[in-house]
Amino acid sequence: MLDYGPHIDWIDRQQPQMVQRVEEWSRINSGSHHLEGLARMCAVLQEAFAVLEAEMEVLDCDPMAHVNGAGEVENLPLGKALHLVKRPDAAVQVFLGGHMDTVFGKDHPFQETRRPDGRRLCGPGAADLKGGLVVMLTALQALEQSPFAPGIGWEVLINPDEEIGSPGSARLLTACARRNQMGLLYEPALADGALAGVRKGSGNFTVVVRGRAAHAGRDFQRGRNAIVALAEYTQALHALNGRREGVTINPGQVEGGGAVNIVPDLAILRFNTRISALEDRQWLEEQLIGLDQQFVQRDGITLRRHGQFTRPPKPISQANERLLASVAECGRMLGVALVWQATGGCCDGNNLAAAGLPNVDTLGVRGGDIHSDREYIMLDSLAERAKLSALLLMRLAGGEVRI
Ligand SMILES: [Zn+2]
């Protein structure tokens, strides 16, 4: 075995700085739709990643089609992505990805970090995914300082819209997938430290029902109530749950109506779906079309459904299995036992896999309660997981690991 020891030991000495970075980055509000916050986060990342002396650029993302509260489709601008490339001509090419956005909007009350005990740090995005960005950066620093670096080229994309399904960066991710042989993503590991294996796919939809407004006293019979029609639609939609294994539908948000003396002419439903296999998608699409048909023929009611499947399911291909096994082997060399398990959650790893790139997507920190105001990171996992990635990168560079 080649001597990785000094470079692994160097990471242990970075632990205080890594903790400081997570704390600092977590305090920058970078909700997916908070463009100024995202720009601030991007600038801080640029400064930190400059140490890698890679080719670095800030890339535009496509705008996102969004159904607004008036039921109309509008284009929302999104933040920018940070992109780095180093040694694109090396024999081994690896993609490393993560996101700078969080689920916590500009006005969300969860803005500050705190230390509930000596081992944890609570903060917005501390685990998902700012801790992961610190892990990625530190692992790349260790690689670049090592004599193994010339054997491997890498490309980094840090996107600003992962938490909303990466609608604006999908194009960039697909391009990255085509240029590389494998992908490493820095989503947090599952709460017990396990890596994610099989992942479900996901889709987001918005249904806009329009009826006919009328005075609730004088003209009630002439009105066509959009809320009542949408309520019926929602019940029928929910009834699809349990009809096919591995498929779930979650009606998540409703809006509509106004003054109670008016028959409401607009109601909007937003829902999320999860599927386990590609064939589920066709089944569900057929069900949704059938459901739409039942409502569009009604007198005075129109229904339009917007949206799409944004992330295909992520099965475990043979190449993916080999990559997971190599990560587990690196774990063993470092005394960290790693297992992987299926999850209903999905991430950019789904999209990369669909574009043909085998990838491990939970190489970030250990933590828990993500997407809640109790989100925390286990601080000792910063050095632990940075060592894991650094060792994997160095072994890939040295030819000890092949995918
Ligand atoms: Zn995430």
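**Close-up views of a predicted model**

**View 1. Arg-178 lies in helix α5 (residues 170-179).** Helices (H or I, at least four residues) and strands (E, at least two) are DSSP runs, numbered from the N terminus. The model is predicted: local features need pLDDT of at least 70, side-chain atom pairs count only at pLDDT 80 or more, and totals for chains, interfaces and linings use all residues. Residues are numbered from 1 along each chain as its sequence is written, and side-chain values use heavy atoms, with hydrogens and water left out. Arg-178 counts as exposed because its relative accessibility is 66%; the classes are buried under 20% relative accessible area, exposed over 50% and partly exposed in between (1.4 Å probe, protein chains only).

**View 2. The zinc ion is coordinated by His-99, Asp-128 and Glu-187.** Donors are N, O and S atoms within 2.8 Å of the metal (3.2 Å for Na, K and Ca); water is not among the atoms, so sites may look incomplete. The donor residues follow the spacing H-x28-D-x58-E. Asp-128 belongs to helix α4 (residues 126-145) and Glu-187 to the loop between β8 (182-185) and β9 (195-199), so that the pair, 59 residues apart, links distant parts of the chain. Asp-128 and Glu-187 are both buried. The angles among the 4 donor atoms run from 50 to 137°, and the site is irregular. Four donors count as tetrahedral if all angles lie between 85 and 135 degrees; four count as square planar and six as octahedral if opposite donors are over 155 degrees apart and all others between 65 and 115; anything else is irregular.

**View 3. The largest cavity holds about 60 Å³ of space.** Its lining includes His-99 and Glu-187, along with Leu-129, Tyr-186 and Asp-348. Strands β5 (92-99) and β7 (152-159) each supply at least two lining residues, and β5 gives the largest share, 3 residues. The count is 3 cavities of 30 Å³ or more. On a 1 Å grid over the protein atoms alone, a cavity is a set of points where a 1.4 Å probe fits but cannot get out; lining residues have an atom within 4 Å of a point. Grid points are joined across faces, edges and corners, and a volume is the space filled by probe spheres set on the points.

**View 4. Strand β4 (residues 81-86) is largely enclosed by the rest of the structure, because 5 of its 6 residues are buried.** Strand β4 pairs with β1 (residues 55-59) in the antiparallel sense over 5 bridges, and Met-56 has Leu-84 as its bridge partner. Strands β4 and β7 also pair in the antiparallel sense, over 5 bridges; here Leu-82 stands opposite Ile-158. Two strands pair if DSSP finds at least two bridges between them.

**View 5. The whole structure contains 0 disulfides.** A disulfide is a pair of cysteine sulfur atoms within 2.5 Å. The cysteine sulfur nearest to that of Cys-61 belongs to Cys-42, 9.5 Å away. Cys-61 is buried, with a relative accessible area of 12%. The sulfur of Cys-347 is 7.4 Å from that of Cys-346, the closest, which is too far for a bond. Cys-347 is buried, at 2% relative accessible area.

Definitions and conventions: 1 Å grid on protein atoms, 1.4 Å probe; cavity = no way out; pocket = protein on both sides within 12 Å on 5 of 7 lines; lining within 4 Å.
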